[in-house]
Amino acid sequence: MGKIGTVFLGFCSLAIFIPWVCSGLKEEEEKIWSQSLCRGKEKVTKLHFYLQDVVGGPNRTVYDVAKSEITDSLPSEFGEVLVLDNLVTAGPEPESKKVGRMQGVVGLSDLHEMALFMLVNLVFTEGKFNGSTLSVLGRNPLNDKVREVQVVGGTGVFRMARGYVITRTHSVVDANILSVYEYTVVVFHFDEEAMDLLDM
Ligand SMILES: *[C@@H]1O[C@H](CO)[C@@H](O)[C@H](O)[C@H]1NC(C)=O
Ligand SMILES: *[C@@H]1O[C@H](CO)[C@@H](O)[C@H](O)[C@H]1NC(C)=O
């Protein structure tokens with residue numbers, strides 16, 4: 001048995017002894033899901049979308065929470081913390097199809113360059129991803145042309161997800177109002193559809 005097989009076996013035998021009491025899922029659902037996990041129904045999904053980062057104007061979705069005493073004196077804006085609930089769209093235009101939101105906290109935590117730490121959830125609202133989330137936690141150096149940020153987990157269709165985001169600044173419509181960011185996400189996850197394949 002290969003290394004991956006051993007890891008799955010380890011996980012599955014562990015799962016048998018964990019009582020199904022800690023989450024909101026129904027017992028039967030949990031059993032089915034853990035079985036699909038044991039069978040290794042893992043898949044890769046690639047998503048492509050745009051983030052509408054509205055920092056000003058009447059439809060603002062990003063707000064300052066706090067600043068450090070040196071934030072205003074540094075080009076890196078170190079120490080600023082923001083909370084956001086940004087619209088996620090299929091195309092770059094703000095009025096293109098809405099596919100979700102990006103909600104969470106970001107901050108500037110590099111003394112020398114504009115680099116965000118991101119602690120955000122992507123909440124999808126369309127199609128088979130509706131209601132599923134992806135959690136993104138990582139560093140996003142805004143002045144780099146292409147940035148990579150890690151995906152550390154997910155829910156729903158994206159349960160047990162891990163992967164990465166490649167992001168670029170698509171356009172700065174007005175630095176004080178709207179910037180649009182392009183996101184390509186690649187995630188490994190255990191699809192709920194795998195449950196249908198079980199012969200129970
Ligand atoms: C704000 O949102 C409203 C409703 O979606 C829209 O009609 C309006 O054009 C938006 N304003 C700006 C400045 O984007
Ligand atoms: C997404 O799910 C919510 C809650 O179940 C539902 O109200 C909404 O209509 C769904 N949206 C789409 C586009 O399927």
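Reply: This is a predicted model, and the description below should be read with that in mind. The largest pocket holds about 580 Å³ of space. Its lining is made up of 27 residues. Those that lie nearest the centre of the pocket are D53, V55, L82, L142 and Y181. Several strands contribute to this lining: β1 (42-54), β2 (62-66), β3 (81-89), β4 (98-108), β5 (115-124), β8 (162-174) and β9 (178-190) each supply at least two residues. Sorted by class, 16 of the lining residues are nonpolar, five are polar and six are charged.

Next, ligand 2. The residues that surround ligand 2 are T125, E126 and N130. From N130, a polar side-chain atom lies 2.4 Å from an oxygen atom of the ligand. On its own, ligand 2 has 360 Å² of accessible area, and the protein covers 25% of that.

As for charge pairing, side chains of opposite charge can pair when their charged atoms come close. The model has six salt bridges. One of them joins E42 and R162, with 2.6 Å between the closest N and O atoms. This pair links distant parts of the chain, since E42 sits in strand β1 and R162 in strand β8, 120 residues apart. Both β1 and β8 are also among the strands that supply at least two residues each to the pocket lining.

Definitions and conventions:
Residues are numbered from 1 along each chain as its sequence is written. Chains are lettered from A and ligands numbered from 1 in the order in which they are written. This is a predicted model: local features need pLDDT of at least 70, side-chain atom pairs count only at pLDDT 80 or more; totals for chains, interfaces and linings use all residues. Side-chain values use heavy atoms; hydrogens and water are left out. On a 1 Å grid over the protein atoms alone, a cavity is a set of points where a 1.4 Å probe fits but cannot get out, and a pocket is an open set with protein on both sides within 12 Å along at least five of seven lines; lining residues have an atom within 4 Å of a point. Grid points are joined across faces, edges and corners, and a volume is the space filled by probe spheres set on the points. Helices (H or I, at least four residues) and strands (E, at least two) are DSSP runs, numbered from the N terminus. Ala, Val, Leu, Ile, Met, Phe, Trp, Tyr, Cys and Pro count as nonpolar, Asp, Glu, Lys and Arg as charged, and the others, Gly among them, as polar. A residue is near a molecule or strand if one of its heavy atoms lies within 4 Å of it. A polar contact is a pair of N or O atoms within 3.5 Å; within protein, one must be able to donate a hydrogen and the other to accept it, and residues adjacent in sequence count only if both atoms are side-chain atoms. Accessible areas come from the Shrake-Rupley method with a 1.4 Å probe; for residues, only the protein chains shown count as cover. A salt bridge is a side-chain nitrogen of Lys or Arg within 4 Å of a carboxyl oxygen of Asp or Glu.
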